[in-house]
Each structure stands twice: as C-alpha cells, then as structure tokens.
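Me: I am new to reading protein structures. Please take me through this one feature by feature.

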Amino acid sequence: MLVGILSFSQKSLQGKTILAIFAHPDDEITIGPVLAKYAAEGVNVYLAVASDGRYGTNTHSNIPAGDTLAAVRNKEMHCSAEKLGAHPPVMIGAHDQLNMREGKTGETLRRIRDTVIYLLKTINPDVVLTWGASGWTLHPDHQLVGDVVTDIFSSRQWPKHPKLYYAEIPTGTIPSDAPQFATVDSSYLTVRVNVSTADLAKAQEAWSCHQSQYIPSDITYMKKGVWHGDNPVSYFRPFVSSGKMQIGLFDEGK
Ligand SMILES: [Zn+2]
C-alpha cells in the first residue's frame with residue numbers, strides 16, 4: 001500500500017516544470033537541494049541567470065574581471081545545472097551589477113524583462129522560483145531580478161496558472177556569525193520542502209562546480225546558513241494571497 005502511494009506521488013510530478021530565475025551564476029546553489037530533488041523526481045528544471053558574474057573576482061582563483069571571468073562562470077553554471085539534473089541554463093548575459101557600472105541598468109532590466117516574458121511563454125512552467133524582497137543577501141542584483149520576475153509574473157494570468165515562490169531564510173535560523181544573509185519571519189514562509197541526503201550530495205557537487213567563487217572550506221562554512229545544517233529543509237514564501245476577495249484594507253466590508 002505504501003509503495004502504491006509513493007509511486008503515485010512520484011508519477012504525479014512527471015511533466016511538471018520549474019523555472020528558477022536568479023541573478024548570478026551560483027545563486028542556484030541556495031536552493032540546490034530542492035532543484036536536485038525535483039529533477040530526480042522527473043520534474044523539468046530550468047534555470048535562468050540574469051548576469052554573467054564578470055566582476056566576481058576572488059583571490060584564490062585570481063581570474064581577472066571581465067570577459068575571461070564571465071566565460072569561466074558560464075562553464076561553472078553549466079556544470080552546476082548538469083549536477084543538479086537541470087536543463088542547460090539560460091544565460092541572459094547582463095554584465096554583473098546589471099550594467100550599473102556602465103550606466104545602463106534601465107536598458108538591462110528591460111532586456112531581462114523581455115527574456116522572462118519569453119521564458120514564461122515558451123517554457124510554460126508550473127512553478128516559478130526567484131528572490132523575494134530580502135534577496136537572501138540584500139544584494140541589489142538579487143532584489144532587482146526578483147522585482148522583474150514578480151512584475152512579469154503578476155502582469156497577466158499565464159496559461160498554466162503557475163505558482164510563484166520566493167526562496168527565503170527564516171529569521172533566527174542562521175548562525176550569528178553569518179550576518180551577510182537577510183532573513184524573513186518564519187510565519188510568512190508557509191511552503192517548506194524537505195530534502196534528502198542524496199539531494200544534498202548532488203547540490204554539494206553542483207556547488208563545487210563554482211571553483212572561481214569558493215574553496216571547500218567556504219562551502220563547509222556557508223552550508224550552515226544556506227542549507228540549514230543537518231536539518232535540511234528549504235523555505236519559500238508564496239507570492240499569492242489566499243485568493244479570497246476582501247473589501248477594505250481591514251476586511252471591514254464583509
Ligand atoms: Zn548572487
């Protein structure tokens with residue numbers, strides 16, 4: 001009986017599609033275990049990456065900023081997607097910092113916007129994942145990409161009536177020595193995904209693809225904050241309301 005229930009559950013995800021849209025080549029790692037889990041269960045996982053990461057220099061890799069680093073990070077992103085079981089990533093190709101240094105952020109956001117519309121039309125996802133207002137790290141690239149995705153998502157009703165979820169970190173769950181993360185009160189994080197040790201192992205392999213960004217000790221340290229240590233649950237905030245119409249800001253018209 002139990003086997004029957006499990007096989008029904010697994011079959012029900014066949015043909016489903018997730019589209020995750022983030023800012024940088026390595027942002028996918030934050031929810032790597034979730035992406036690996038669903039890919040293993042037969043879900044089509046697509047990743048889109050807004051910027052090329054060309055300014056993400058590190059002393060350990062010593063790769064100069066610019067085209068060379070962007071090319072390295074493109075390969076790392078493809079490696080990560082493969083390890084997670086996702087399709088090859090869609091590299092939107094904006095310069096790091098969304099062309100802020102070049103004074104072209106407005107133009108770049110329009111390009112990202114057009115690409116998100118194209119992806120929602122062609123990939124036709126059941127689930128869209130991106131950054132919420134916290135952007136995990138308050139990084140402006142994260143916050144702007146999450147804004148663009150929310151803007152496009154909410155602009156119309158897409159054919160499959162997809163769900164939009166923001167990847168978040170619950171307040172109080174990260175170590176006090178990891179202040180680089182931005183958090184959200186857990187009462188808002190009503191969608192939780194349990195992942196297995198096998199999912200974590202795949203995500204760790206994907207993380208290791210990003211050699212220009214991390215050395216193994218970085219990963220060991222950051223896992224505490226990013227994947228919640230030995231209690232592997234990922235937290236999401238749903239975009240939608242309850243769907244119930246309300247009259248008045250205080251629901252006073254009922
Ligand atoms: Zn990032």
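Reply: Start with the naming: helices (H or I, at least four residues) and strands (E, at least two) are DSSP runs, numbered from the N terminus. Keep in mind that this is a predicted model. As an example of a place between such runs, Asn124 lies in the loop between α4 and β4 (127-131).

Me: How many helices and strands does the chain have?

Reply: There are seven helices and seven strands in the chain. Along the sequence they come in the pattern α-β-α-β-α-β-α-β-α-β-β-α-α-β.

Me: What radius of gyration does the chain have, and what would a compact globule have?

Reply: A compact globule of 254 residues would have a radius of gyration near 18 Å, and the chain has 18 Å, so the two agree. The C-alpha trace spans about 60 × 50 × 40 Å along its principal axes. Of contacts between residues at least 6 apart in sequence, 76% join residues at least 24 apart.

Me: Which residues of the largest nonpolar core touch the most other members?

Reply: The general idea is that nonpolar side chains tend to be buried together in soluble globular proteins. In this chain, the largest nonpolar core has 58 residues, and Leu35, Val45, Leu84 and Val145 touch the most other members. Strand β2 supplies the largest share of this core, six residues. Leaving out residues up to four places away in sequence, Val145 touches Ile21, Phe22, Ala23, Ala50, Ile112, Thr130 and Trp131.

Me: Is helix α2 largely enclosed or largely open?

Reply: A residue is buried if 20 or more other C-beta atoms lie within 10 Å of its own. Helix α2 (residues 32-40) has eight of its nine residues buried, so the rest of the structure largely encloses it. The buried ones are Gly32, Pro33, Val34, Leu35, Ala36, Lys37, Tyr38 and Ala39. They pack against several elements, including β1 (17-22), β2 (44-51) and β7 (233-238). Just after α2, Gly42 has a positive phi of about 95 degrees.

Me: At what angle do α3 and α6 pack?

Reply: Over 145 degrees counts as roughly antiparallel. Helix α3 (residues 67-84) and helix α6 (residues 197-209) pack at about 170 degrees, with axes 8 Å apart. They are therefore roughly antiparallel to each other. Glu76, Cys79, Ser80, Lys83 and Leu84 of α3 make the contact with Lys202, Ala203, Glu205, Ala206 and Cys209 of α6. By type, these residues divide into five nonpolar, one polar and four charged.

Me: Why does the contact use residues spaced like that along a helix?

Reply: An α-helix has 3.6 residues a turn, so residues three or four places apart point the same way.

Me: What value does phi take at Asn124?

Reply: Phi of Asn124 is near 55 degrees, a positive value in a residue other than glycine. With 13 C-beta neighbours inside 10 Å, Asn124 counts as partly exposed. Leu98 also is not a glycine, and has a positive phi of about 50 degrees. Leu98 sits in the loop between β3 (90-94) and α4 (105-123) and counts as buried, because it has 25 C-beta neighbours inside 10 Å.

Me: Where is His87 found?

Reply: His87 is in the loop between α3 and β3. Because 16 other C-beta atoms lie within 10 Å, His87 is partly exposed. Not counting residues up to four places away in sequence, His87 touches Asn44, Val45, Tyr46 and Ala81. The C-alpha atoms of His87 and Ala39 are separated by 9.4 Å, although the two residues are 48 residues apart along the chain.

Key: Residues are numbered from 1 along each chain as its sequence is written. This is a predicted model: local features need pLDDT of at least 70, side-chain atom pairs count only at pLDDT 80 or more; totals for chains, interfaces and linings use all residues. Axes are lines fitted to C-alpha atoms, for helices over the stretch in contact, and angles run from 0 to 180 degrees between N-to-C directions. Angles under 35 degrees count as roughly parallel, over 145 as roughly antiparallel, 65 to 115 as roughly perpendicular and the rest as oblique. Two residues are in contact if their C-beta atoms, placed from the backbone, lie within 7 Å. Ala, Val, Leu, Ile, Met, Phe, Trp, Tyr, Cys and Pro count as nonpolar, Asp, Glu, Lys and Arg as charged, and the others, Gly among them, as polar. A residue is buried if 20 or more other C-beta atoms lie within 10 Å of its own, exposed if 12 or fewer, and partly exposed in between; C-beta atoms are placed from the backbone. The radius of gyration is taken over C-alpha atoms; the globule rule is 2.2 Å times the number of residues to the power 0.38. A nonpolar core is a set of buried Ala, Val, Leu, Ile, Met, Phe, Trp, Tyr and Cys residues joined through C-beta atoms within 7 Å.
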